[in-house]
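Dear colleague,

I am writing to hand over a structure for your study. Please look through the sequence and the model below before reading the notes that follow.

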Number of protein chains: 2
Amino acid sequence: MTSTRKITIFKEAARLFREKGYNGSSQRELADRAGLQGGSIYHHFSSKQDILYAIMEDTMRGLLHKVRRAVAEETSPLEKLKKAVRAHIEYHTEDRDETYVADAELRSLEEANYQQITRMRHDYEQIFRDIIDEGLQAGCMKVDDVLLATKALLQMCTGISYWYSPEGRKPIGEIADQYVELLLWGVCGKMAREVADGS
Amino acid sequence: MTSTRKITIFKEAARLFREKGYNGSSQRELADRAGLQGGSIYHHFSSKQDILYAIMEDTMRGLLHKVRRAVAEETSPLEKLKKAVRAHIEYHTEDRDETYVADAELRSLEEANYQQITRMRHDYEQIFRDIIDEGLQAGCMKVDDVLLATKALLQMCTGISYWYSPEGRKPIGEIADQYVELLLWGVCGKMAREVADGS
DNA sequence: GTCTATAACTAGATAGAC
DNA sequence: GTCTATCTAGTTATAGAC
């Protein structure tokens, strides 16, 4: 992504696709928002599908990178999970248009692109699955089905990009903290923990 | 929904919209799947948007009805939450095409329809918000922000309609049980509970 | 690198025969 | 109640001027 024009098209596409969906967005409206005429887009991207794929690929690559880095700093499964979830949430609030599109438009990808992005999504989920596996072995976590717990966890956190707004009442850090608390302790666990702690 | 033909179009539309999205689905393909010619659809529905609205309205009404009934049987907040979540999950697996569309195509609704469905969604979320509020007051639940917890909870459970398949390895009842466990206790809470119980 | 013009096609919806 | 034929408008993408 060298030229600034290409970046503008990329960002405006993410915003437009988020608002109206990939199939509900026309190349003309995208061009209009990016400040050029319809045909000019094809100098920067070979097709509308090409733009969608760029958004998806960039997002998955960014997520993989950020979460792997966050996890690498830690050794305990609990700290790894906290860091991973925070990184996931930060990315989903900072680049919320792109992550929303990456999450909602899987079905709009053509076959080859779909295969590639699905592979990256699988690698991404694997990071979380591995952490929970470690947590079970270390005895600090307890779930019946790791795959199910991973899906549930990610769906809950990904959902933030559906409603989060930077103008909202709560700063990102607080939202992330509360999601971590919910994931670790649920709506009841904190009571049991206080009993266990004798507080 | 009197005629069987209308029901067929309704069901096929839910399936098609789920697969390709509202804007990615053509009236002709829908007609084809429902076993009639393009123009014939307009004898049963006045427009494509009308079909989408029917799916959304029917789904929200069904969810409201089912979850309210489930909650009405119980008095304790904990049992209410369990029943409500199970009802939500059951509905999302039984009518997974409709619930998927109802969840994913909000942005494809025209203004007046959007307002109506958003109102129903608000009422639906209110049921869960009220239960958690009761739980806090009764002292059997503990969360920092009820609104945030409600959103997180529903997003996690709604996500089931994105991956659930009736041919899958796990029966619905088991999936629902494990989601309830996760929501109540998180990935760590069950350890603390065992300590508290002295087991 | 951006423009205008347009080709080739597909969309939702309607009209009138049966 | 379903068909066929068709209208109008919008779609992605390309071509060639500047």
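Chain A has 10 helices and 0 strands, where helices (H or I, at least four residues) and strands (E, at least two) are DSSP runs numbered from the N terminus. Read from the N terminus on, the elements of chain A follow the order α-α-α-α-α-α-α-α-α-α. Along the principal axes, the C-alpha atoms of chain A fill a box of roughly 70 × 35 × 30 Å.

Please note that this is a predicted model, in which local features need pLDDT of at least 70 and side-chain atom pairs count only at pLDDT 80 or more, while totals for chains, interfaces and linings use all residues. Residues are numbered from 1 along each chain as its sequence is written, chains are lettered from A and ligands numbered from 1 in the order in which they are written, and side-chain values use heavy atoms, with hydrogens and water left out.

The two domains of chain A

Chain A is divided into domain 1 (1-45) and domain 2 (48-197); such bounds come from an automatic or database domain assignment. The centres of these two domains of chain A, taken over C-alpha atoms, are separated by 28 Å. In chain A, 15 residues of domain 1 are in contact with 17 residues of domain 2, contact meaning heavy atoms within 4.5 Å.

Between them, domain 1 and domain 2 of chain A bury about 1600 Å², 63% of it on carbon and sulfur atoms. Buried area is the accessible area (1.4 Å probe) that two parts lose on being put together, summed over both. Of the area that domain 1 of chain A buries against domain 2 of chain A, 50% is supplied by A:Phe10, A:Arg18 and A:Tyr22, more than by any other three residues.

The count between domain 1 and domain 2 of chain A is 2 salt bridges, a salt bridge being a side-chain nitrogen of Lys or Arg within 4 Å of a carboxyl oxygen of Asp or Glu. A:Arg18 forms a salt bridge with A:Asp97, with the closest N and O atoms 3.8 Å apart. Helix H1 (residues 4-20) of chain A gives the most to the side of domain 1 of chain A that touches domain 2 of chain A, with 8 residues. By class, that side of domain 1 has 9 nonpolar, 3 polar and 3 charged residues. In this division, Ala, Val, Leu, Ile, Met, Phe, Trp, Tyr, Cys and Pro count as nonpolar, Asp, Glu, Lys and Arg as charged, and the others, Gly among them, as polar.

The interface of chain A and chain B

Here 50 residues of chain B are in contact with 50 residues of chain A. The two chains bury about 4300 Å² between them, 61% of it on carbon and sulfur atoms. B:Arg107, B:Lys142 and B:Val187 supply 18% of the area that chain B buries against chain A, more than any other three residues.

The count between chain B and chain A is 9 salt bridges. A:Arg169 forms a salt bridge with B:Asp145, and the closest N and O atoms are 3.3 Å apart. Several helices of chain B give two or more residues to the side that touches chain A, including helix H1 (4-20), helix H4 (77-94) and helix H10 (189-197). H10(B) gives the most to this side of chain B, with 8 residues. The residues of the side of chain B that touches chain A divide into 27 nonpolar, 9 polar and 14 charged.

The DNA strands

Which residues come nearest to DNA strand C? Of the 14 residues around DNA strand C, they are A:Arg5, A:Gln37, A:His44, B:Gln27 and B:Lys48; a residue is near a strand if one of its heavy atoms lies within 4 Å of it. Sugar and phosphate account for 67% of the atoms of DNA strand C that come within 4 Å of the protein. A side-chain N or O atom of A:Arg5 is 2.7 Å from a phosphate oxygen of DNA strand C. A polar side-chain atom of B:Tyr42 lies 2.9 Å from a phosphate oxygen of DNA strand C.

Of the 16 residues around DNA strand D, A:Gln27, A:Arg28, B:Arg5, B:Gln37 and B:His44 come nearest. Sugar and phosphate make up 57% of the atoms of DNA strand D that come within 4 Å of the protein. A polar side-chain atom of A:Arg28 lies 3.2 Å from a base oxygen of DNA strand D.

Yours sincerely

Note on methods
A polar contact is a pair of N or O atoms within 3.5 Å; within protein, one must be able to donate a hydrogen and the other to accept it, and residues adjacent in sequence count only if both atoms are side-chain atoms.
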